[in-house]
Amino acid sequence: MKHIISACFFLLSIGMSAQKVTVTVDQNVTLKEFFKQVENQTDFKFAFTDQIDTNQKYFTKKSTYKQVEIEKLISELNKIASVQFSIVGNNIFVKQKSQSAKTAKKKSKLKGQIIDDEKQPVIGANIFIKELNTGTVTDVNGKYSIEIPNGTYNLIISYVGFKDKEKQINVSDDVTFNFNIESDSQQLGEVIITSNKAVDIKTTQMSVNRLSMQEIKRIPAAMGEPDPLKSIITLPGVTNSGELSSGFNVRGGAADQNLILLDGAPVYADSHMFGFFSIFNADMVSGLELYKGGIPSKFGGRVSSVLDVSQQTGDFENYKVNGGIGLIASRLLVQGPIKKDKGSFVISGRTSYAHLFMKLAEIKNSALFYDFNAKLNYRLDANNSLAFSGYLGNDVFDLSDRFTMSFGNTMGILSWKHLFSDRLNTNLSVYYSDYKFNLGLTTESFEWKNDIKSYGLKYNWAYQKSENLKMNFGVDGLYYDFNPGVVQPTNSSSQFNYNQLDKKYALEASAYIDFESKITEKLNFRYGLRYSTFYRLGAEEISTYENGQAVVYNPLYKIYQEGTPTGSIQYGSGKTISNFGNFEPRAALSYAFNENTSVKASYNRMAQYIHILSNTQFPLPMSIWTPSGPFTKPQLLDQYAAGYFKNFNEGDFSFEGELFYKTVKNRIDYIDGASILANNNIEQVILNGKGRSYGMELSFRKNKGDFTGWVSYTLSRAEQKTPGRTPEEPGIANGDWYLSGYDKLHNLNIVANYELSRKWSLNGNFSLQSGQPVTYANGYYEFGGMNIPNYSLRNSNRLPVFHHLDLGATYTPKPDKKKGWQSYWVFSIYNIYNRKNAASMSFTTNNSTGLNETRKLSIYGAVPSVSYNFKF
């Protein structure tokens with residue numbers, strides 16, 4: 001009987017193994033999907049241990065098997081899978097592959113993608129391998145890749161605001177593991193920005209500001225609108241020009257020295273309503289990085305900082321809606337699949353409506369803004385994807401039918417990403433971006449318009465030769481069309497004639513290469529080189545001056561005056577007027593004493609070929625962009641930085657300290673009384689000088705627990721020097737160093753968040769800055785019966801110290817609700833103790849008393865706000 005049973009079993013096994021199947025597997029097929037293919041065609045069933053996760057992907061390459069016997073299929077699959085298959089009767093057993101001495105020495109690539117609850121890629125998530133005490137972080141697409149020895153490991157995925165995820169994996173060949181991490185925050189996780197709050201000790205990158213979206217939402221802001229741009233001002237080295245001012249200043253640099261990228265395309269203005277709101281809709285943003293120093297070679301064109309902002313990709317599986325309703329503005333975002341798992345879209349809109357209340361109150365003034373964002377993504381196949389991003393924003397002001405103004409950005413970029421292999425990928429992009437400003441004075445019956453348009457192409461390559469050496473290289477080109485202004489009358493009674501200022505054209509091109517090298521376990525080195533060229537092109541007529549000086553010095557009155565043209569040179573369309581070329585080396589080094597402590601140093605040179613023309617202390621919407629040329633040389637930066645970085649108590653606390661020193665050549669300044677608006681010969685009011693800034697930045701953070709936040713402090717100096725061109729000329733401020741308009745000796749920020757309960761969280765922000773450098777009147781003289789103020793040396797005085805305290809609270813009625821309608825309320829008070837911070841000082845004569853007086857202009861005091869936010 002025993003032998004009969006054995007014989008039957010043997011015949012049954014032969015019959016079973018003779019069954020034929022057709023299956024297809026690749027890196028994206030899970031075990032569960034593979035099981036289904038086999039079980040639908042045969043009588044076999046699968047058995048596996050708890051260590052096997054059937055939702056994971058264990059196949060290392062794509063293969064198709066047509067009408068093959070089960071036994072042969074299992075034999076072939078064992079060669080390309082990271083698990084072991086074996087046939088016993090009518091069962092196929094699945095287990096982890098044993099690690100032999102031979103495979104233990106071999107290294108394989110572990111890669112994958114981390115996504116969140118919204119199916120969005122998580123940027124900067126930490127992937128840590130316990131047994132090897134090493135790890136990596138995800139890139140801007142949420143993807144990671146690391147080369148490790150074959151074996152079985154425990155993988156830990158962590159990211160601020162999300163639950164840690166631990167998974168045991170087996171690596172015997174190149175393998176892909178994708179993970180979904182769950183939100184662990186009371187806040188609605190609409191957007192996640194950048195990376196973990198603990199300091200990344202080993203990376204060479206330093207001088208970078210990062211915040212999570214949860215943190216940004218908890219920082220109280222004027223008008224109650226979460227604002228990524230305003231939030232970075234709470235970090236060391238970053239300031240602004242005060243309340244109601246657009247732009248931001250980094251390490252003493254001007255606003256036009258910041259390169260602002262939205263999905264890789266430049267935008268030329270960053271604010272709505274003179275700085276009340278930034279152009280970045282927080283619902284739409286998925287990633288934000290501000291580089292202050294140690295800037296990688298792929299970035300160029302500005303000498304102060306790079307703000308790299310990414311928009312959401314959209315959900316590939318489900319349709320979703322979220323938005324918010326505030327006192328001044330509201331927003332709405334819709335996202336979902338174009339084709340499930342293949343394409344997605346996300347669109348958002350935002351608008352203000354304060355002008356409607358003005359009309360109800362019969363106030364003729366009107367002020368509004370709106371913007372629209374869109375992004376489309378489509379996966380052509382496993383190696384190719386297309387993406388389109390667009391932005392349109394505009395501000396409109398109408399003051400009592402006397403004064404009208406409008407300004408805004410338009411941007412569109414189309415990108416093609418191609419994966420040649422696991423080691424080599426590329427990104428080809430073409431884009432268009434413009435900024436327009438229109439001004440109308442009804443009382444004077446004229447309109448003035450100016451704009452800048454740019455057309456660009458980028459081709460970036462990323463190659464990973466090994467875990468110890470990575471390369472990035474590429475080329476880019478950018479064509480500019482500058483319209484400095486056109487003046488046109490609006491009716492026949494206007495005293496103004498039509499006048500088109502000379503348009504300007506330019507071409508900027510560059511190529512770069514960047515290496516990231518892991519020299520030892522403790523020492524990492526990044527080095528690179530960028531070469532940039534700039535061509536000022538015709539058609540344009542260029543004025544000539546005696547001795548080549550467009551600005552002349554009058555020794556009798558001891559003032560600089562506009563030079564008188566002696567002739568002109570006409571350049572035809574496309575002809576080169578001026579050209580420049582610059583090598584821009586970059587280097588960064590990090591040394592890790594241990595897993596929690598490191599020191600870093602960096603150097604970078606950068607060139608900037610376009611400039612804002614503005615003789616005010618803070619940027620205004622009518623600021624005019626102009627290219628380098630015969631009288632305006634490119635700005636050249638050299639920056640050095642060194643820092644000490646430490647994590648405490650397993651990342652609960654972190655400290656960053658940096659020292660920096662930078663110099664800028666060819667920094668322009670203006671003669672006293674310079675007229676910028678509608679000036680066709682702007683070189684007649686410009687003097688070339690140089691700048692420098694240096695300082696210390698300190699930051700201490702508490703990263704975990706019910707109470708979190710940070711303290712940042714910057715001690716710095718920013719100066720300019722514009723010497724005379726001859727021994728007889730005094731230059732500006734007698735040719736000595738004088739304070740830049742962006743100097744802030746002290747800059748202190750304290751941000752605190754406290755989770756009071758599941759429903760309530762409390763937030764606070766205190767900011768203190770040294771007053772902005774200004775030039776005060778130090779006396780008066782009488783001329784023609786009028787009192788005329790006499791001013792001291794350039795920027796030798798300061799406005800009063802700037803400070804304010806903001807408080808906020810977030811209320812989530814149903815914190816445990818994960819589906820359907822979800823909502824929360826945000827209450828805040830900006831400047832709770834009603835500090836009247838000075839935006840400017842003016843010197844005038846009192847009409848009633850006839851006495852000279854100084855008047856302080858303050859924008860606003862305490863500003864309460866409330867907003868209702870939702871998603872479904």
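How many helices and strands make up the secondary structure of the chain? The chain has seven helices and 58 strands, where helices (H or I, at least four residues) and strands (E, at least two) are DSSP runs, numbered from the N terminus.

Before the views, a word on the model. This is a predicted model, in which local features need pLDDT of at least 70 and side-chain atom pairs count only at pLDDT 80 or more, while totals for chains, interfaces and linings use all residues. Residues are numbered from 1 along each chain as its sequence is written, and side-chain values use heavy atoms, with hydrogens and water left out.

View 1. Welcome to the chain, whose C-alpha trace spans about 130 × 60 × 55 Å along its principal axes. The chain is divided into domain 1 (18-96), domain 2 (107-181) and domain 3 (308-493 + 509-871), with bounds from an automatic or database domain assignment. Between the C-alpha centres of domain 1 and domain 3 there are 56 Å.

View 2. Of the 872 residues, 54% count as buried; buried means under 20% relative accessible area, exposed over 50%, and partly exposed in between (1.4 Å probe, protein chains only). Among contacts with a separation of 6 or more, 66% come from residues 24 or more positions apart, a contact being heavy atoms within 4.5 Å. The accessible surface comes to about 37900 Å², and 56% of this area belongs to carbon and sulfur atoms. Accessible areas come from the Shrake-Rupley method with a 1.4 Å probe; for residues, only the protein chains shown count as cover.

**View 3. Ile127 and its neighbours.** Look for Ile127 in strand S7 (residues 126-129). Ile127 counts as buried because its relative accessibility is 2%. Not counting residues up to four places away in sequence, Ile127 touches several partners, including Ile114, Val137, Tyr144, Leu155 and Ile157. Leu399 lies 272 residues from Ile127 in sequence, and their C-alpha atoms are 55 Å apart in space.

**View 4. A cis peptide bond at Gly538 and Ala539.** Here a cis peptide bond, with omega about 15°, joins Gly538 and Ala539. To find Ala539, follow the loop between strand S34 (523-537) and strand S35 (540-545).

View 5. Gln67 is a residue other than glycine, yet its phi is positive, near 50°. Gln67 sits in strand S3 (residues 63-69) and, at 49% relative accessibility, counts as partly exposed. Asn734 is not a glycine either, and has a positive phi of about 60°. You will find Asn734 in the loop between strand S46 (707-721) and strand S47 (738-739). With 53% relative accessibility, Asn734 counts as exposed.

View 6. Is Ser654 buried or exposed? Ser654 counts as buried, at 1% relative accessibility. Ser654 belongs to strand S44 (residues 653-670). Lys702 is 48 residues away from Ser654 in sequence, with 6.8 Å in space from C-alpha to C-alpha.
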